[in-house]
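Here is a short report on packing, surface and aromatic contacts. Please keep the sequence and the structure in view while reading.

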Amino acid sequence: MSVRTVLLLGGTSEARRLAESLAGRLRVVSSLAGRVRDPRLPPGEVRVGGFGGVEGFRAWLLANPVDAVVDATHPFAATMTATAAQVTAELGIPFVVLRRPGWVQQPGDDWRWVDSVSEAARSLPGERVFLTIGREELKEFAHLPQWFLVRSVDPPVGPVPDRTHVLLDRGPFTVDGEIALMRAHDVDVLVAKDSGGEMTAAKLTAARELALPVVIVRRPPLPDVPTVDSVAGVLRWLGTDVA
């Protein structure tokens with residue numbers, strides 16, 4: 001595959017590392033969703049904001065020809081991944097998804113798997129809840145009487161539970177710090193998405209150390225497209241000339 005220009009979708013840590021690896025070798029256009037107020041920008045060209053669905057993404061690719069599209073979005077960005085898979089297939093553009101591995105349950109973990117955030121809201125085995133699901137789906141918990149510690153990079157959007165303490169912070173986090181935080185707020189259950197990666201994994205170790213249950217949301221399924229689990233895998237997919 002002869003590649004000179006790559007569209008890189010996503011502001012994940014893997015996307016930034018990939019942009020750094022390709023800097024100076026290929027033209028990389030990184031596309032960020034724009035949901036974070038002060039994102040960590042990768043090297044190279046950057047566009048911020050959505051494409052406007054399938055039609056908008058198709059129009060952008062027709063107006064901005066690229067040789068390959070790499071989807072390194074968040075594992076729960078299912079709509080963007082589905083859109084990219086559909087449009088690249090229609091236009092015949094090589095497409096690959098980069099997804100970091102999910103977290104692996106360890107001895108001593110008390111994980112309660114659910115299929116959605118709304119199911120998590122119906123399955124809370126505690127009264128003081130540490131919510132680490134981002135800021136955009138808090139409405140699913142807004143009607144509940146429990147006390148919530150909500151951590152996100154930016155302030156929540158939309159309705160939140162009446163009894164909510166908001167903590168604005170960005171990883172990486174440490175196990176000691178997470179244990180101290182959970183103890184300080186008397187947390188008795190953690191809610192998380194199976195995002196994977198090391199940036200926020202410390203909360204799971206802390207929950208294990210404190211013998212707390214974790215309600216964990218499964219990832220949405222991926223389309224039937226080429227998928228790799230590392231930056232090195234993307235470099236191999238792009239070709240040995242850039243690896």
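Does Val48 count as buried or exposed? The model is a predicted one. Val48 has a relative accessibility of 53%, so Val48 counts as exposed, the cut-off for that class being over 50%. Val48 sits in strand β3, residues 45–48. Together with Leu41 and Val46, Val48 forms a nonpolar surface patch with about 260 Å² of accessible area.

In soluble globular proteins, nonpolar side chains tend to be buried together. Here the largest nonpolar core holds 19 residues. Leu8, Leu18, Leu22, Val70, Val234 and Leu238 have the most contacts inside it. At least two residues of this core come from each of β1 (5–9), α1 (13–22), β4 (68–71), β5 (95–98) and α7 (231–238). Another core, of 18 residues, lies apart from it and includes Val117, Ala120, Val129 and Leu138.

Helix α7 has these buried residues: Val231, Gly233, Val234, Leu235 and Leu238. Their cover includes β1, α1, β4, β5 and β12 (227–228). Gly239 follows α7, and its phi is positive, near 125°.

The aromatic pairs number four. Two of them are tabulated.

| Pair | Centre distance | Plane angle | Class |
|---|---|---|---|
| Phe51 and Trp60 | 5.7 Å | 75° | edge-to-face |
| Trp111 and Trp113 | 5.7 Å | 70° | edge-to-face |

Phe51 is buried at 14% relative accessible area, and Trp60 is buried at 17%. Phe51 and Trp60 form one aromatic cluster with Phe57. Trp111 is buried at 8%, whereas Trp113 is partly exposed at 30%.

Methods:
Residues numbered from 1 in each chain as written. Predicted model: local features only at pLDDT ≥ 70, side-chain atom pairs only at ≥ 80, totals over all residues. Heavy atoms only, no water. Patch = residues over 30% accessible without salt bridge, like charges linked within 9 Å, V, L, I, M, F, W, Y side chains within 5 Å. Areas by Shrake-Rupley, 256 points an atom, 1.4 Å probe, with all protein chains shown as cover. Salt bridge = Lys/Arg side-chain N within 4 Å of Asp/Glu carboxyl O. Helix = DSSP H or I, 4+ residues; strand = E, 2+ residues; numbered from the N terminus. Buried < 20%, exposed > 50% of the residue type's maximum accessible area, 1.4 Å probe, protein only. Core = buried A, V, L, I, M, F, W, Y, C linked by side-chain atoms within 4.5 Å. Contact = heavy atoms within 4.5 Å. Phe/Tyr/Trp six-rings, centres within 6.5 Å; stacked < 30°, edge-to-face > 60°.
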